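Subject: Handover of a structure and its findings

Dear colleague,

Please find below the structure that I am handing over to you. After it I set out what was found, topic by topic.

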Amino acid sequence: MAATTIEGINFNLTEEHLAVQQAAREFAQTELLPTAIERDTHSKFPAEQVKKMGELGFLGMMVSPEYGGGGMDTISYVLAMEEISKVDASASVIMSVNNSLVCWGLEKYGSEEQKQKYLTKLATGEVIGSFCLSEPEAGSDATSQKTTAIDKGDHYLLNGTKNWITNGNSSSISLVIAQTNVELKHKGINCLIVEKGWDGFAVGKKEDKMGIRSSDTHSLMFTDVKVPKENRIGEDGFGFKFAMTTLNGGRIGIAAQALGIAAGAYELSVKYSKERKAFGMRIAEHQAIQFKLAEMATKIEAARLLVYKAARLKDEDKDYIQAAAMAKLFASEVAMWATTEAVQIHGGYGYVKEYHVERLMRDAKITQIYEGTSEIQKLVIAREILK
């Protein structure tokens, strides 16, 4: 890749970066693509593929080797996310949650005991995790937590319901955000590590979704679940800051997912336009199609640069809040637009499952909603601009 610099940030990819990108591309094409349509149709969780993702190191990419991770940078992570998302966004969201929301938060803020007990298993893919913030009445308004964690001395008593939880049924370890002190509002919120199988922990129904259908999304219910004090992450009242800081990084992962969905639809469209003929010539020779492809390529490249910028700022330990929000906002909108254009380019074939683009279009929509809606990203960007 040619050198590109924005505000002193260099986007040259190293040999290691290219190797990660190639490994992710090969995994997506050989392991995910053959069963993607079937799993989407039947909402089937990719258990075998997720196991292989763990073996290949895709579930703990940024975790220190000390805890079983790959010790890679954020650029490597977004490169892998893009390649896997080109083929199967259901697999990439499983990967994103485990890397960005669970492993990163645990390594950054967890105690050494928590890292040894939980992070080592999560980073290697021995188990996967879930991040439990959203509730029936608290999605974008994360301060309004109805789930409670009452301090009982040596443990917390956890009660409440969490909605829209990715990896809800397949995760063994859940990071649960709950209110301990209502009077302190968001400063009274904690994050607790909860193990599947504990008394009072129940998995609710699986959501029947429009897109990312082979990832499992469930409600999780907690009824008088006893959570040991040593399973609280950080000091008392740190939970809301933990959630917001973790989500800032998570947005880079979802931006990379959106980028991959858009790029996957674009690549399929280029290929199809060179094969399909209309009015005696390949449709790629029609200016109407050429203009669509040109605009797709340009917007996708712009999204890619925003994603790389956010990732590089994170790697350089600089403030990446605004960059991450911009990357997610723009990449998700490009994903929705580009996949719709891909369906149009494919014509009637784009409307059937066999050609994949209709699935990519359905998958794209969620990138404008989860880990902060597009509207929330605009609020974040505006807040950063007006500081």
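At roughly what angle do the axes of helix 9 and helix 10 cross, and within what distance do they come? The axes cross at roughly 160° and come within 8 Å. Helix 9 is therefore roughly antiparallel to helix 10, and the crossing of the two is left-handed. Please keep in mind throughout that the model is predicted.

On the side of helix 9 the contact includes Ile321, Ala325 and Leu329, and on the side of helix 11 it includes Val380, Ile381 and Arg383. The classes in this contact are 7 nonpolar, 4 polar and 5 charged residues.

A further pair is formed by helix 5 (residues 89–109) and helix 7 (residues 239–275), with an angle of about 155° and axes 9 Å apart. These two helices are therefore roughly antiparallel to each other, and helix 5 passes helix 7 in a right-handed crossing. Among the residues in contact are Ser92, Ser96, Ser100 and Trp104 of helix 5, together with Gly249, Gly250, Gly253 and Ile254 of helix 7. This contact has 9 nonpolar and 10 polar residues, and no charged ones.

Cysteines

How many disulfides does the structure hold? The number is 0. For cysteine 103, the closest cysteine sulfur belongs to cysteine 191 and is 13 Å away, so the two are too far apart for a bond. Cysteine 132 is likewise in no disulfide, and its nearest cysteine sulfur, that of cysteine 191, lies at 8.8 Å. Cysteine 103 counts as buried because its relative accessibility is 1%. Cysteine 132 is buried too, with a relative accessible area of 0%.

Residues in loops

Most residues other than glycine have a negative phi.

Asparagine 167 has a positive phi, near 65°. This asparagine lies in the loop between strand 5 (155–166) and strand 6 (173–179), and at 0% relative accessibility asparagine 167 counts as buried.

Histidine 356 is buried, with a relative accessible area of 16%.

Is glutamate 235, in contrast, buried or exposed? Glutamate 235 counts as exposed because its relative accessibility is 61%, where the cut-off for exposed is over 50%. This glutamate sits in the loop between strand 9 (217–228) and helix 7. Glutamate 235 and asparagine 190 are 45 residues apart in sequence, while their C-alpha atoms are 8.3 Å apart in space.

With kind regards

Notes: Residues numbered from 1 in each chain as written. Predicted model: local features only at pLDDT ≥ 70, side-chain atom pairs only at ≥ 80, totals over all residues. Heavy atoms only, no water. Axes fitted to C-alpha atoms, helices over the stretch in contact; angles between N-to-C directions. Helix = DSSP H or I, 4+ residues; strand = E, 2+ residues; numbered from the N terminus. Parallel < 35°, antiparallel > 145°, perpendicular 65-115°, else oblique. Left-handed = near helix turned anticlockwise from the far one by under 90°. Contact = heavy atoms within 4.5 Å. Nonpolar A, V, L, I, M, F, W, Y, C, P; charged D, E, K, R; others polar. Disulfide = S-S within 2.5 Å. Buried < 20%, exposed > 50% of the residue type's maximum accessible area, 1.4 Å probe, protein only.
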